[in-house]
Amino acid sequence: MATVTFDHVWKKYGEVTAVEDLSLEIHDGEFMVLVGQSGCGKTTSLRMIAGLEEITQGDLKIGDKVVNDVAPKDRDIAMVFQSYALYPHMSVRENLSFGLKLRKVGKVEIEKRINDAAGILQLEKLLERKPKELSGGQRQRVALGRAIVREPAVFLMDEPLSNLDAKLRVQTRAEIARLHQRLGTTMVYVTHDQVEAMTMGQRIAVMSDGLLQQVGTPQELYDRPKNKFVAGFIGSPSMNFVTMPVGAGDSMTAGGFTFPISENYKNTIASAGVQVTAGFRPEHLEMGEVTGLFGQLTGKADVVEYLGNEELLHVSVGDHDIVALVDSSYRVRPGDQVTLRLPVEKLHLFNIESGAALAH
Ligand SMILES: Nc1ncnc2c1ncn2[C@@H]1O[C@H](COP(=O)(O)OP(=O)(O)O)[C@@H](O)[C@H]1O
Ligand SMILES: [Mg+2]
């Protein structure tokens, strides 16, 4: 097992900066997820760990050792890609053993590792089949198996579930999480899907435009996003954002919105300028008038999406389309006038220019 450390790592392709000054410490045995939109530098970061991309500047360490100049084959890592190219003419068993034979691992040892991996991934009955005789999910398990038999110090996975259909993705997600619990090996897992990140990661590193935005546990990112980007990226449906003028009083009011300013924001809000961005999650809005310390908004429900136990409301408040997730027993109808309230502790405030969360 091993730690992986990025120490002020840069990757440039000519004029394009793919990864900018990345410092990140991945702990021994940790399941770390790198998440962000397409093009934000996830694959490049992973490929630098694998040794498949040269590092422009900075140090990459596996354990205590700087590996910038260590060849991929000497790094003790195994990588699973989105396109899990199996050898079509080889059986599952041969696909699993191929890499080990190249590495001159002994016959008995190969046999043992294949049996272990097949047991973990439930491939025992499929060992003599060819890839074309397998379903997509089974093929993906073979690709995982090929990484497992290597017994690497670090697993790298680049969007390994994106070719699977929705149901299989949820299943395989759980399988990979179980695999990690069982092996306890350091894993770095790349995805653009924040739900995958939230459900699988022990910690999550959110990237945007080559820049690391925040690292933390799923709950830290959800409860205390450091900036507007992370706030909007983590959570589904996304956080609502509204520009609010900062007044002198105990509350902020603008076109259908009123938010009290809680004590813990009073100091920082004064220095934030004349406007701030207010953010609040759809699931934190509640139906009903204000009593006590709540924010409030009033508008017209344009669209109501019934989800069974909950319903998703699209409410026009002035120029804003606000999304709220409420109990479906309210039976809101399109066109209804609704008043929603927000517990004051669920309000996030961001600097309108930098997007940084205001201290509270
Ligand atoms: N070989 C390359 N040559 C030039 N630019 C590249 C190369 N590989 C990636 N990039 C650029 O680097 C940025 C990050 O890419 P990548 O790491 O693949 O993003 P992600 O995996 O997050 O979608 C993108 O702007 C991409 O176009
Ligand atoms: Mg990628």
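Biologist: Which element gives the largest share of the shell around ligand 1?
Modeller: Keep in mind that this is a predicted model. The largest share comes from α1, with three residues.

Biologist: And which elements give two or more residues to the shell around ligand 1?
Modeller: Those are β2 (16–26) and α1 (42–50). The residues around the ligand include Tyr 13, Val 16 and Ala 18, as well as Lys 42, Thr 43 and Thr 44.

Biologist: How do the residues of that shell divide into nonpolar, polar and charged?
Modeller: Four are nonpolar, six polar and one charged.

Biologist: OK, on to the sheet. What is the order of the six strands?
Modeller: The order is β6-β7-β8-β3-β9-β10, in an open sheet with mixed pairing.

Biologist: Which strands stand at the edges?
Modeller: β6 (77–80) and β10 (211–216). Each has a single partner strand, so one side of each lacks a neighbour in the sheet.

Biologist: In what sense do β6 and β7 pair?
Modeller: Parallel, over four bridges, with β7 covering residues 154–158. Met 79 is opposite Leu 156 in β7.

Biologist: Now the helices. At what angle do the axes of α2 and α4 cross?
Modeller: Roughly 30 degrees, and the axes come within 8 Å. That angle is under 35 degrees, so α2 counts as roughly parallel to α4. The crossing is right-handed.

Biologist: Which residues make the contact?
Modeller: α2 brings Val 92, Asn 95, Leu 96 and Gly 99, while α4 brings Val 142, Gly 145 and Arg 146. Three of these contact residues are nonpolar, three polar and one charged.

Definitions and conventions: Residues numbered from 1 in each chain as written. Chains lettered and ligands numbered in written order. Predicted model: local features only at pLDDT ≥ 70, side-chain atom pairs only at ≥ 80, totals over all residues. Axes fitted to C-alpha atoms, helices over the stretch in contact; angles between N-to-C directions. Parallel < 35°, antiparallel > 145°, perpendicular 65-115°, else oblique. Left-handed = near helix turned anticlockwise from the far one by under 90°. Contact = placed C-beta atoms within 7 Å. Nonpolar A, V, L, I, M, F, W, Y, C, P; charged D, E, K, R; others polar. Near = placed C-beta within 6 Å. Pairing = 2+ DSSP bridges.
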